[in-house]
Amino acid sequence: MRDPNNPCLFCNISNNDFELENELAYACYDTYPVSKYHALIVPKRHVENYFELNNEEVLACDALLKELKKNVLIKEFFHYPTNSH
């Protein structure tokens, strides 16, 4: 049976799909969101789980989360139209 995680879906995402990015991580809106503005924050280095991230990668992911939150709050405050996010 084919493994849907090999190759890794997150390692092969296009840079064009990034909403935000820094040196160690990227953020993109989920293709199948479970809620408005549902986003994924993914480290650029392939790891099996969150606990394999080093401190710099955790901070890089946290920085993207904070930036996404700020962007969402701005969109909501000013009622900017969204693309189903």
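**Close-up legends for the predicted model**

**View 1. Phe78 is partly exposed, with a relative accessible area of 47%.** Partly exposed lies between buried, under 20% relative accessible area, and exposed, over 50% (1.4 Å probe, protein chains only). The model is predicted: local features need pLDDT of at least 70, side-chain atom pairs count only at pLDDT 80 or more, and totals for chains, interfaces and linings use all residues. Residues are numbered from 1 along each chain as its sequence is written, and side-chain values use heavy atoms, with hydrogens and water left out.

**View 2. Phe18 and Tyr26 form a stacked aromatic pair.** Three aromatic pairs are found in a search of the whole structure (rings of Phe, Tyr and Trp, its six-membered ring, with centres within 6.5 Å; planes under 30 degrees apart are stacked, over 60 edge-to-face, the rest tilted).

**View 3. Phe77 and Phe78 form an edge-to-face aromatic pair.** The centre-to-centre distance between Phe77 and Phe78 is 4.8 Å, with 90° between the planes. Phe77 is exposed, at 62% relative accessibility, whereas Phe78 is partly exposed.

**View 4. The charged side chains of the protein chain comprise 8 positive and 13 negative groups.** Lys and Arg are counted as positive, Asp and Glu as negative, without His and the chain ends; each charge is placed at NZ of Lys, CZ of Arg, CG of Asp or CD of Glu. The centres of the two sets are 6 Å apart.
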